[in-house]
Amino acid sequence: MEWHNITDPASPELDRLAEQYHLHPLHIEDCRHRNQSAKIEEGEAYLFAVLKVMRLMDDGSLHAADLDVFFGQNFVITVEEETCPEIKSIIQQARQTPSAPQRSDQLFYRIMDHVVDSYLPILDHFDDLIDALEDEALENPTPDTLSRIFQNKRALAILRRVLVNTRDVTGHLQRAESPYIARDMWPFLRDVYDHVARNLDLVEMMRDLLSGALDVYLSSVANRTNQVMKVLTVLSTIALPALVVSGFYGMNVKGLPAADSTYGVVLVILLMVGCTVLLLYLLKRFRWL
Amino acid sequence: MEWHNITDPASPELDRLAEQYHLHPLHIEDCRHRNQSAKIEEGEAYLFAVLKVMRLMDDGSLHAADLDVFFGQNFVITVEEETCPEIKSIIQQARQTPSAPQRSDQLFYRIMDHVVDSYLPILDHFDDLIDALEDEALENPTPDTLSRIFQNKRALAILRRVLVNTRDVTGHLQRAESPYIARDMWPFLRDVYDHVARNLDLVEMMRDLLSGALDVYLSSVANRTNQVMKVLTVLSTIALPALVVSGFYGMNVKGLPAADSTYGVVLVILLMVGCTVLLLYLLKRFRWL
Amino acid sequence: MEWHNITDPASPELDRLAEQYHLHPLHIEDCRHRNQSAKIEEGEAYLFAVLKVMRLMDDGSLHAADLDVFFGQNFVITVEEETCPEIKSIIQQARQTPSAPQRSDQLFYRIMDHVVDSYLPILDHFDDLIDALEDEALENPTPDTLSRIFQNKRALAILRRVLVNTRDVTGHLQRAESPYIARDMWPFLRDVYDHVARNLDLVEMMRDLLSGALDVYLSSVANRTNQVMKVLTVLSTIALPALVVSGFYGMNVKGLPAADSTYGVVLVILLMVGCTVLLLYLLKRFRWL
Amino acid sequence: MEWHNITDPASPELDRLAEQYHLHPLHIEDCRHRNQSAKIEEGEAYLFAVLKVMRLMDDGSLHAADLDVFFGQNFVITVEEETCPEIKSIIQQARQTPSAPQRSDQLFYRIMDHVVDSYLPILDHFDDLIDALEDEALENPTPDTLSRIFQNKRALAILRRVLVNTRDVTGHLQRAESPYIARDMWPFLRDVYDHVARNLDLVEMMRDLLSGALDVYLSSVANRTNQVMKVLTVLSTIALPALVVSGFYGMNVKGLPAADSTYGVVLVILLMVGCTVLLLYLLKRFRWL
Amino acid sequence: MEWHNITDPASPELDRLAEQYHLHPLHIEDCRHRNQSAKIEEGEAYLFAVLKVMRLMDDGSLHAADLDVFFGQNFVITVEEETCPEIKSIIQQARQTPSAPQRSDQLFYRIMDHVVDSYLPILDHFDDLIDALEDEALENPTPDTLSRIFQNKRALAILRRVLVNTRDVTGHLQRAESPYIARDMWPFLRDVYDHVARNLDLVEMMRDLLSGALDVYLSSVANRTNQVMKVLTVLSTIALPALVVSGFYGMNVKGLPAADSTYGVVLVILLMVGCTVLLLYLLKRFRWL
C-alpha cells in the first residue's frame, strides 16, 4: 500500500496523483477550496472523505480545518490544510503507531479514529466553560457573561454541525458496502460511529444547558432587581415617617401639639419610631414585601 | 448454562474468557473503559450488551455505572463496574430468585428487568423534587431555587440519555431475530420495552415541567417586584402630600395662608389627609395601581 | 359470544378465565398492576387491550383508570378498575345499547367508542379553563393564576400521553390484519382513530395556548410594573419641584429673594407650579414617559 | 355525469342518494354531524371528501365550515353546510364556469381548487394583522395588543390544522391510484397540493412571527420601564442635592456656615447646583445610567 | 442544442414555444403568474424547473424573483422575471462561459450553479448584520435594535423557504433517473446539492442566533434596569439620613439635643455622614445591593 501525504494542496504533486488514480476534478477542487463539510463520496476507483479537525483559537472561537483523504485498493492520499498544527499531529500519530497498517481501509480507520479522538479535549473545554458560565449567571451576572454565553452558543453550533456531518460519514461507511472496506473493519467503524454519536449527544446537552444559562441570567437579574427594590422600599419605609413627622413640626404654624412641652422632643422621636415600626410590621404581616 | 460474573474488569480472568468464547477485542475494551452508552452488539457467537445502572449521589447528581453482559448459547458473562453497590445488588437479586433460570436468554432478561426496575425509585425521587421546586418557584423564589432547577435539568438530561439508549437496546432485541433469544422471551422483552418507554415518557414530562418551573420562577419574581413597586408607590402617595404641605408651611416666607389662625394646625392636617385620600382615590379610580 | 365482566381484578374468577382462554401471565399481571399505558397486544388466541378512562378529580387533577379488554373468536373479557364510576358507566352503556352486538369485535368497538367519547367533556373542561386562564393572565395576573397554569400543564401532559397511546392502539388495530377483527369493522375503527387524532390535535393546541398564557402572564405583569413606575415617576415629578422650592425658602439663610415681599407666597406658589408643569411638559415632549 | 347538490344535510334527499349510490352510513353521519376534519375516504364505489371552507367572523375569530363531496364514476354529490355563504359562492363558481366539466373528477378538482383559492384572502388578512401587531408591540404595547396577539394565535392554530389536513387530502389523492381519478388530472392535483403546501409554509411563518411579536412586546415593555426608571433617577439626582442642602440650612442649629453672610443665598445655590452637576457627571462618566 | 431566452413571459413567443415543445398549460401559467416556489416538475418530453433568484432591496427586505427553465433532449427555454437585474446577470454569465455547454443538462447545471452562487453574498450580508445586531443588543439596546431583529427574522424565514425548496429540487434531480440528465452530471448535481445544504445549515444557525439576540436584548435591558435601580438606591441611601437628620433639627420643637452647643453643626454633620456610611456598609455587608 502506498501512502501519499500532500502538505500543500496547491502543489502540482496533487495534479499528478489525480491523473494517476483518476481522481474526479470536483474532488480536487474540494481539496483546494477549503471550508467543506465533512463528507464521504464515491469516486471511480476510490472513496473520497473530507474530515474536519477542530482547533480552539485564542479568542475562544472554533476553527474547523479540512483533512482530505482519498483511499482505494492499494493507495491512500491525504491532503493537509497547510496551516493547522492539529492536522500535522494527527498525520504523525497515524504514522508512528507501532504496527503499521497493511491495508488502506485500516489506515483510513486509524486517521478517522485520531480525528474523532481530537474532539474530546474540545468537548471537555466547553463542558467546563458552560459550568463556569452557569455559576456566573447565577451568582454574578454581568453583560460580559451574556456576551460569552452568546459566543459559546455560536461555537457549539459549529461543533454540532461538524459532528452531525462526521456521524453521517461514519454511518454511510457502515451502510455502503464499498469494495474498499473489508468486512472485518465494520465493528471498528461502528465503534467510531458510536463515539461520534455520543459526542453529539453531549453537544446537544451542552446547547440545552447554554440556553438554560441565558434563562438563568435573566431570572437572576430579575431577582436582584427585586432585591434592590425591596432595599429601597425598606429605606423609604424607615425614612418617610421621620420626614413626615419632622416636616410637620418644622412648619411655621401656630399650635403644633406638644411642641412647647418639655418632653416634646421625646414624644416626637417616639412618634417617628412608632410609625416606622408599625409600617414595617404591616408590610411583614400582609406579606407585601 | 454457565454464568461467569467478573467483579474486576481488569482481571486476567476476563482475558481468559475472551479467548474461550471468542469475544471481540473492542467489546473487551468497552468493559475496561467505562462510561459507555447502553447498547447491544452482535459478536461472533454471542450478544454483547452494555446496561446502565443509575445511582443518586449525595450531592443530588446522578452517576450512571456500566454493567456489561455477554450471552451466547450456553453461557452468560457479566462484568460489574467495581465501585457500584447498586450493580452488586442487581447481580445478587438475579442470583437469589427461587426458580433459577435455565437458559442464558432468561438470565439476561432477568438482569435487564432488574436494571430497569432500579430506575423507578430514581424517577420517583425526581418527580418529588420537581413538585417541590415548582412550589418553591411560586411561593419563595430564591437564587438557590434557580440553582437547583438547573442541577436537576442536568441530571434529567443524563437520565433521558440512558433511557433512550436502553429503549433502543430493548427495541433492537425485539426486532433482531437473534438465535440466542427464544421466541417465548419476546412478550417479556416487549414488557421491558414498554416499561422503559413509559419511564421515558415520564422523563420527557418532567423535563417539560422543569422548563416550566424556570418560567414560573421568572414570572413569580416579576410579580413580586410589581408588588414591591406598588407598596413603594402607595407609601410615596401617602407621604408626598404631607411633605409638600409641611414644606410649604415650613418656608420662611411672609403671608402663608391661615398660618397664624388658631385652627391653623387642624386646617393643615386636613389638607394633608385630604390630598392623600384624593390621590389614592384617583389611583384606584383610573386603575393606575 | 360470551362476555365476562370482572369488577375485581384480584378475584380468582380472572385466574379461572385465564386458564380457560390461555391468557398470558404478563397480561393477567397487567390487569392486576394498574397504571398501564393504553396498548394493544396479541395473545395466543386473542387480542389484549388496555384502555384508559379519564376522570376529573375534585382538585382539578386528572386520574386515568385502566379498563382491560381481552377479546377472541367467541368471547370478550372486560376487567374494570374497581373504584372508577366512569368505567362502570361505560360498561353499562355498552350493555344497554338496544341492538346487542353479535360479535366480539363489534362489542370491543362499542366499548372503545364509548371510552373515546368519554374524553370529550374533559377536553371541553380544559378548553374552558384555558380560556379563563388567558383572560386572568391578561387582566388580573396573580400567583394563583400561575399555579393553576402549571397544574393544567401537568394535567394536559397526562391527557396527551393517554391520547397518543390510544391513537397508537387504534392505528395498530387498522394495520394489524388480526383474525379477530372482521373487515367490515375497519371503517368504524378508522372513525375512532380520526376522533382520537382530532382530540389529540386539540390537546396540542391547548398545550400551545397554555404555554402562551404563561408568556402573557409575564408580559402582563411587566406591563403593570411599567404602569406603576410611571405613576410613581409622575408623583415624583409633581412633588419634587414643590419640595425643592419649599426647602429653599425654609432655609435659615439671609437674603432669600422675595421672601419678605407681600406677594412672596404667591410668587413661590407660581414657581412651584411652573416648575412642575415645565417638567411634565418636557417628559411628554421628549416621550420619556 | 349527474351532480346532486344538497343544501340541507338533514333532508331525506340525502338518504335517498345514500341508498342509490350505496354510501356508507358513517359518511352520511359525517355529513350530518359537522366539525369534521378535512379528509378523504374510500367508499364502496366512490370517494368521500370533507373540505373545509373558512370564514372570518366579525369578532376576528375563524369559523371553518364543512363542504362534503362524494364522487364516483358518473356522479358527484355535494353537501353544503347550510349557514355558510362562502360555500354557496364556491358551489356557484363551480357551476358558472363557461366550459362545464364533463367528468366527475374534473368537477371535484374544480370545487377543490375554488376551496383552496378561498383561503388566500384569509391568509392576506392575517399577514396584514401580524404586521400591524408587530408595529404596535414595538411602538405602543398595551394589554390590548397582548390580547389580540393571543386571539390571532388561536385563529392561526385553527388555520394551520385545516391546511395540514387539506394538504394530506391532496397528497393522498396523488398517491392513491383511485379508479375515479384519471391520469390527466394528476398535474392539476399536484398544482393544488403545491398551493396548499405554500399556504401552509406561510402560516408556519406567520405563527413564528406572532410568537416573536410576544417576545417583542415583553422586550419593548422592559425597555420602557428602563426608560421610566432612568427618568426617575435623573429627577432624583437633580432634586436630592438641593433637598439635602436646603434641609441642612433649614436646621434650627447654631453656627451654620455662611448662613449669615450677605452672599449666603448665592453660595447655597452654587452648592446645590454644583452637587447636582457633579452627580450627573459621575453617573455619565461611569456609565451608571 | 437550441437555447431560447424569453425576457417577457407575456410575449406570444412563449406560446409559440409551448406549442412547439408541447409544454403543459399549468407550466406556462406558472411562468406568467410569479411568486412560485422553487420546484422541478416532469413534463411530457422535458423537465420544468422554477429557480429563485434573491435580491436584497434597499430597505433591507428580501425579494425572490422567479427564473423558469424548461429543458429537454435538445432544447433549453429560460423565462426571466422581467424586472430583476440579478437574473439578467445570471443568464449573461451562463452565456459568456468560454467553453459553451454542448448539452441541455450541462446548460441547466450551469444556470443552477450560478443561481446557487448568487445566494452567497446575501448569506454574508445577513451574517454580518446578525453579528452587528448581537453587539448592539448587548451594548446599546434600543427599540430600533428590536425592530431590526424582527425585520431580519422575516427575511431569514423567506431565505430559508427558498433554500429548502431549492435543496429539494437538487435532491429530486439526483434521485429521479430522468432521461434528460446524463449520468456524468450526477457528481455535479450532488455538488450543487451540498452547496445548498451547507447554506441551509448556515441559515438555520443564523435563525438560531437571531432568536438568541432577542433574548440577549431582554436580558441586557433587564440588567440595565437593575443597574439604574442600584444607582437610585445608592442615591437614596446617601440622601435619606441627611434628610432625616436635617428634618429633625429643622423642627420648631424645644429641647433638640446639642442644638444650641457651639459644635452643634459639626455634631450634626458627623451624625449625617455616620448614618450614611453605616447604611452603605450594611448594604454591602449583607449583599443587599
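**The interface of chains B and C in a predicted model**

Modeller: The area buried between chain B and chain C is about 4,100 Å², of which carbon and sulfur atoms give 66%. This is a predicted model, in which local features need pLDDT of at least 70, side-chain atom pairs count only at pLDDT 80 or more, and totals for chains, interfaces and linings use all residues. Residues are numbered from 1 along each chain as written, chains are lettered from A in the order written, and side-chain values use heavy atoms, without hydrogens and water.

Biologist: What makes this area "buried"?

Modeller: Buried area is the accessible area (1.4 Å probe) that two parts lose on being put together, summed over both. In chain B, Arg198(B), Met205(B) and Asn252(B) lose the most to chain C, together 13% of what that side buries.

Biologist: How do you know which residues of chain B are in contact with chain C?

Modeller: Contact means heavy atoms within 4.5 Å; 50 residues of chain B are in contact with 52 residues of chain C.

Biologist: Why is the pair of Arg154(C) and Asp127(B) called a salt bridge?

Modeller: The term requires a side-chain nitrogen of Lys or Arg within 4 Å of a carboxyl oxygen of Asp or Glu. The closest N and O atoms of Arg154(C) and Asp127(B) are 3.9 Å apart, so the pair qualifies.

Biologist: Which helix of chain B supplies the largest share of the side that touches chain C?

Modeller: Helix 7 of chain B does, with 33 residues; helices here are DSSP runs (H or I, at least four residues), numbered from the N terminus.

How values were computed. Helices (H or I, at least four residues) and strands (E, at least two) are DSSP runs, numbered from the N terminus.
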